[in-house]
Amino acid sequence: MMGSMANGAHLRWMAFVDGENFKIRGQELAKSEDITLIGGDYFRRDEFLWFPGKAGFQALGNVSVSGLRHDERGRRSYYYTSVQGSDEDLAEAKRRLYRLGFDPQVFKRPKTRHSKGVDIALTRDMLCHAFRGNYDLAYLVAGDGDYLPLVEELKRLGKIVHVAFFL
């Protein structure tokens, strides 16, 4: 596959956002920097956080690997999060994420603990799409080292993985 891309073809990419981790780290960073996050299209406290003006299907950077370039538009971008509340609250979170250009994967979160569905679903989807050959490059937006074994396995499969997170 890489040989055919050497002739000028673009890398096909997909994005996988651990919204649980991303929103927590983003909210912590905003608080530490004395930044007020205002609820709206790109932020909803304890539900989701994203970059203003950036659609989920847009690349997060201008990647060039050995002269290879990625497609301008992603094949699919997933955003995984969990929400406490009613079924309508979950449906509203899905609608908002969909409008941002994501395939929303929203789980119901129990009031007493964090949802593990996000990590498991993200890992499953990244591996399944990799095995099916649906992407060459994956953007993983997360916030901790939990996904290191996943990234190593994807690299063994010949995939390129770019990880983005808050410092």
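Visitor: Which residue in β9 is the bridge partner of V17?
Guide: V141. This is a predicted model, where local features need pLDDT of at least 70, side-chain atom pairs count only at pLDDT 80 or more, and totals for chains, interfaces and linings use all residues. Residues are numbered from 1 along each chain as its sequence is written, and side-chain values use heavy atoms, with hydrogens and water left out.

Visitor: What makes β2 and β9 a pair?
Guide: Two strands pair if DSSP finds at least two bridges between them. Five bridges join β2 to β9, so the pair qualifies. The two run parallel.

Visitor: Why is β9 called a strand?
Guide: Strands are DSSP runs of E, at least two residues; helices are runs of H or I, at least four; both are numbered from the N terminus. β9 spans 137–141.

Visitor: Why is β9 called largely enclosed?
Guide: Because five of its five residues are buried. Buried means under 20% relative accessible area, exposed over 50%, partly exposed in between (1.4 Å probe, protein chains only). L137, Y139 and V141 point one way, A138 and L140 the other, and all are buried. In a regular strand the side chains alternate between the two faces of the sheet.

Visitor: What makes a set of residues a nonpolar core?
Guide: Its members are buried Ala, Val, Leu, Ile, Met, Phe, Trp, Tyr and Cys residues joined through side-chain atoms within 4.5 Å. The largest one here has 18 residues, and F16, Y80 and L140 are among those that touch the most other members. α4 gives the largest share, five residues. A second, separate core of 15 residues includes V17 and V141.

Visitor: How do you know what F16 is in contact with?
Guide: Contact means heavy atoms within 4.5 Å. Leaving aside neighbours within four places in sequence, the contacts of F16 include Y80, L122, M126 and L140.

Visitor: What makes the unit of β9, α5 and β10 right-handed?
Guide: With the strands pointing away from the viewer, the path from the first strand over the helix to the second runs clockwise. β9, α5 and β10 make such a β-α-β unit. Five bridges join β9 to β10, residues 160–164, and these strands run parallel. L140 stands opposite V163.
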